[in-house]
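Please walk through this model with its nonpolar core and its aromatic rings in mind.

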Amino acid sequence: DIFGSNKQFVELYEAYMGFKPEIWDAIIVFAGTFLQHMIQKYDSFETEKAIAALEFMDVNTFMGPLKFSLDNIMIDLAAITVQSQDNRTETILPAGKASSTIIMPIPTWECRSLVEYGVDPSVCLD
């Protein structure tokens with residue numbers, strides 16, 4: 001497992017960086033650790049060898065299991081759905097990886113931007 005669970009990843013990231021990761025931070029770390037795993041496992045930086053190695057890649061990551069089909073299409077990794085909440089990007093799906101629950105109805109962008117100015121967004125009428 002790379003970083004263990006999503007919760008463990010967040011704890012390690014926050015301890016090292018001093019702040020909680022946004023979804024883009026997680027995606028960048030995910031991509032980097034995937035490449036590191038592939039290079040270490042197959043002992044190569046060569047593009048052709050790396051592409052050929054994809055069909056044998058089967059690794060658990062903090063974002064879920066990662067495998068590729070014979071034509072190098074990523075399979076088995078659940079799509080991640082995010083929502084902007086209180087000026088932060090929160091993962092809301094899949095449930096096992098969620099950092100928050102979905103807010104419905106979704107507030108308008110204008111209402112959400114009030115948070116940036118210190119205005120309580122609950123005053124929105126929409």
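What follows covers the core, then the ring pairs.

This is a predicted model, in which local features need pLDDT of at least 70, side-chain atom pairs count only at pLDDT 80 or more, and totals for chains, interfaces and linings use all residues. Residues are numbered from 1 along each chain as its sequence is written, and side-chain values use heavy atoms, with hydrogens and water left out.

Start with the largest nonpolar core, which has 15 residues. Such a core is a set of buried Ala, Val, Leu, Ile, Met, Phe, Trp, Tyr and Cys residues joined through side-chain atoms within 4.5 Å. Buried means under 20% relative accessible area, exposed over 50%, and partly exposed in between (1.4 Å probe, protein chains only). F34, M38, M57, F62, L66 and F68 touch the most other members. At least two residues each come from helix 1 (6-17), helix 2 (23-42), helix 3 (47-53) and strand 2 (64-68). Helix 2 gives the most, with 4 residues. Helices (H or I, at least four residues) and strands (E, at least two) are DSSP runs, numbered from the N terminus.

Now take L66. Beyond its neighbours within four places in sequence, L66 is in contact (heavy atoms within 4.5 Å) with F30, F34, M57, D58, V59, T61, M74 and I75.

Next, the rings. Rings of Phe, Tyr and Trp (its six-membered ring) pair if their centres lie within 6.5 Å; planes under 30 degrees apart count as stacked, over 60 as edge-to-face and the rest as tilted. There are 2 aromatic pairs by this rule. F9 and Y13 make a tilted pair, 5.7 Å centre to centre with 50 degrees between the planes. Both sit in helix 1, 4 residues apart, about one turn of the helix. Y13 and F19 pair edge-to-face, at 5.8 Å and 75 degrees. Y13 is buried at 12% relative accessible area, while F19 is partly exposed at 41%.
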